[in-house]
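Student: I have a protein on my screen and would like to understand how it is put together. Could we go through it step by step?

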Amino acid sequence: MNGLRLLSDENIDPRVTAYLREAGFDVTDVYDTGLRGCPDQQVLDLAYQQQRVILTHDSDFGAMAIHQRQPMIGIIYLRPGHIDPAFTIATLDAIRHADPDLQTPFLLVAKRIGTRVTMRLRRPIH
């Protein structure tokens with residue numbers, strides 16, 4: 001994940017975004033960009049224009065990228081969503097520790113159950 005420029009979706013707790021910034025990541029969120037409440041397509045378009053990876057709890061981004069073949073840099077889809085920020089941060093730390101090969105474009109699905117995180121990496125065909 002190091003070196004990735006991130007765009008945090010509105011369903012990512014602001015404390016997670018703050019944690020990533022403190023860890024040295026170049027991360028912005030939909031609040032910074034004025035896209036809060038906008039359709040996911042607009043968020044995906046902005047992320048592509050700014051060469052950012054979307055960080056989300058929303059499966060719609062993966063569907064747009066894979067099934068609708070929308071252009072994108074990458075998506076990190078964290079499951080389950082809407083959990084305590086500490087849970088999300090621990091999932092992100094597990095991804096960082098695993099250091100997957102995130103060559104763009106990519107869709108990384110990370111699912112955490114208890115302390116175990118499983119990851120699935122897909123490369124969309126455009």
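Student: What percentage of the 126 residues of the protein chain count as buried?

Tutor: Good place to begin! This is a predicted model, where local features need pLDDT of at least 70, side-chain atom pairs count only at pLDDT 80 or more, and totals for chains, interfaces and linings use all residues. Residues are numbered from 1 along each chain as its sequence is written, and side-chain values use heavy atoms, leaving out hydrogens and water. Buried means under 20% relative accessible area, with a 1.4 Å probe and protein chains only. By that cut-off, the buried share of the protein chain is 45%.

Student: What pattern does the protein chain follow along the sequence?

Tutor: Helices (H or I, at least four residues) and strands (E, at least two) are DSSP runs, numbered from the N terminus. The chain has five helices and six strands. Read in order, they give β-α-β-α-α-β-α-β-α-β-β.

Student: Which residues of helix α3 are buried, and within what arc do they fall?

Tutor: Helix α3 spans residues 40-49, and its buried residues are D40, V43, L44, L46 and A47. An α-helix has 3.6 residues a turn, so residues three or four places apart point the same way. The arc is that of the directions from the helix axis to the C-beta atoms. Down the axis of α3, the buried residues line one face of the helix, because they fall within an arc of 165°.

Student: What covers the buried residues of α3?

Tutor: Look for contacts, meaning heavy atoms within 4.5 Å. The cover includes β1 (5-8), α2 (30-33), β3 (53-56) and α4 (60-66).

Student: Which residue just after α3 takes a positive phi?

Tutor: Look just past the end of helix α3. The phi there is about 60°, and the residue is Q51.

Definitions and conventions. Buried means under 20% relative accessible area, exposed over 50%, partly exposed in between (1.4 Å probe, protein chains only).
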